[in-house]
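Let's take a walk through this one together. Have the sequence and the 3D view open, and we'll go stop by stop.

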Amino acid sequence: MDKQVFEALSAATLPEKLGGNTVLREKIGPDFSRWSVKEVGDGNLNLVFIVSGDRGAAIVKQALPYVRLVGESWPLPLKRSYFEYHALKRQAARDPGLVPEIYFFDESQALIVMEFLTPHVILRRALIDGRQLPKIGRDLGLFVARTLFRGSDLSMATREKKTDLALFADNIELCDITENLVFSDPYFEAELNRHTTPQLDPIVAELRADRDLKVEAQRLKHLFSAKAETLCHGDLHIGSVMVTDDETRVIDPEFAFYGPISFDVGMLLANFWMSYFSQSGHENAPSARDGMRTYLLDTVEVIWETFRTEFAHLWRTERNGILYQASLFEARNDPFGAEQALDIVIDEIWREMLGFAGVEMHRRILGLAHNADFETIVDPDRRAACETRALKLGRHLAVNRHHIHSLKDIRALAERLQKE
Ligand code: SR1
Ligand code: MG
């Protein structure tokens, strides 16, 4: 295969194009004429193939030079594959076992060959189906704490961090997508917006006229663009997580960038709250999914508590970067100084995290990129009822984030909205 000229693969061309690759032959089987290939990509951007053969299987993920969801009219650079590769490498080092193993990366073809996860399914699909996964709360809480702490100035050597910051600073186009699609478009009549439920028109008009909400969304955008604190996954929704009852894997960090620690945490929790409100659109009888709803709110609490506890543990045991150096406090024989600083740092993450969660809930209903939790609810009245509750909680989180002090309060509001 010509290393210089990019060529999009298809199920038909893949065996011949990649059949000479020694890594693939070893993983899949030496005779590529016996490989079977299935394109399974259902995301917004890329091609994803499962390639299987006599020896085993692998995933081949290839970026396209445009946004798959929209088409060639929206070009998007292939280099996102390079950022995904580098992010996966760093995440594997920072929280071993939580991301798929990479077998091979070809920069010119924007192609990553990686472990085929089976019998894993996408977490979003599992939650729509009403499945309760016992390990995800703890696994995801640890993942965010470890990757976000260990990718920051709290942990990294300053030269290494600044070099890495420069590397990921070039992921401009994908940050641009988030800057527009998450923080701005939902709050005015942007061209790409689509809300598929006309019953939402009145609340959409209300939100777009809400000055406090728009100001908060821009303050959050300011944090997103300016607070280069750590290497974020950048698109940590429940479609970026694959699960079995025993295993959790985080995939797809092509939106990786240096941003606020709170960003990934907020995106993740928002997706559990949306799943919570979508459940009544998938149940056959009222209260049929009460257990699932309780599980989802419990999982939010497990994620946050695990994140907080692990972050505090890493703060006490691995704080070797340029921030809040232990020597600063120890020299003064002040063991409580670092604990006081930790409380302040966690409190700031909490307040930012709530805001990011709020705008993520809005953009998945009002913007371009929707999620299947709501989209697969066939009855538009039921869908509108579910989406309205999510929009209301999102508004509360974004606007009142400085006055919300516990997940118990958010739980009470979510349960109240659910009964409306
Ligand atoms: C044009 S890309 C739309 C969305 O898909 C990705 O998964 C990100 O969430 C992005 O915002
Ligand atoms: Mg993705």
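In which loop does Pro 119 lie? Pro 119 sits in the loop between strand 7 (111-115) and strand 8 (121-122), where helices (H or I, at least four residues) and strands (E, at least two) are DSSP runs numbered from the N terminus. What makes this spot worth a stop is the cis peptide bond joining Thr 118 and Pro 119, with omega at about 10°. Most peptide bonds are trans, and most residues other than glycine have a negative phi.

Before going on, some ground rules. This is a predicted model, so local features need pLDDT of at least 70 and side-chain atom pairs count only at pLDDT 80 or more, while totals for chains, interfaces and linings use all residues. Residues are numbered from 1 along each chain as its sequence is written, chains are lettered from A and ligands numbered from 1 in the order in which they are written, and side-chain values use heavy atoms, with hydrogens and water left out.

How confident is the predictor? On pLDDT, its confidence in each residue from 0 to 100, the protein chain has a mean of 96, and 99% of its residues reach 70 or more. Confidence is highest in helix 5 (residues 136-150), at a mean of 99, and lowest in helix 12 (residues 326-330), at 84.

Asp 252 has a positive phi, near 65°, and is not a glycine. Look for Asp 252 in the loop between strand 11 (248-250) and strand 12 (257-259). Asp 252 is partly exposed, at a relative accessible area of 24%; buried means under 20%, exposed over 50%, and partly exposed in between (1.4 Å probe, protein chains only). Tyr 324 also has a positive phi, near 50°, and belongs to the loop between helix 11 and helix 12. With a relative accessible area of 34%, Tyr 324 is partly exposed.

Now for some helix packing. Helix 10 (residues 261-282) and helix 16 (residues 407-419) pack at an angle of about 25°, their axes 11 Å apart; axes are lines fitted to C-alpha atoms, for helices over the stretch in contact, and angles run from 0 to 180 degrees between N-to-C directions. That makes helix 10 roughly parallel to helix 16, since angles under 35 degrees count as roughly parallel, over 145 as roughly antiparallel, 65 to 115 as roughly perpendicular and the rest as oblique. From helix 10, Trp 273, Tyr 276, Phe 277 and Ser 280 meet residues of helix 16, including Leu 407, Ile 410 and Ala 414. Contact here means heavy atoms within 4.5 Å.

Leu 296 is buried, at 0% relative accessible area. Leaving aside neighbours within four places in sequence, Leu 296 is in contact with Leu 127, Phe 272, Ser 275, Tyr 276 and Gln 279. Its C-alpha atom is 9.3 Å from that of Gly 137, 159 residues apart along the chain.

Another buried residue is Asp 95, at 2%, in the loop between helix 3 (80-94) and strand 6 (102-106). Beyond its neighbours within four places in sequence, Asp 95 is in contact with Leu 142, Phe 143, Arg 146 and Thr 147.

Last, the cysteines. Taking a disulfide as a pair of cysteine sulfur atoms within 2.5 Å, the count is zero. For Cys 232, the nearest cysteine sulfur is that of Cys 175, 9.2 Å away. Cys 232 counts as buried at 0% relative accessibility, and Cys 386 counts as buried at 1%.

Notes. pLDDT is the predictor's confidence in each residue, from 0 to 100.
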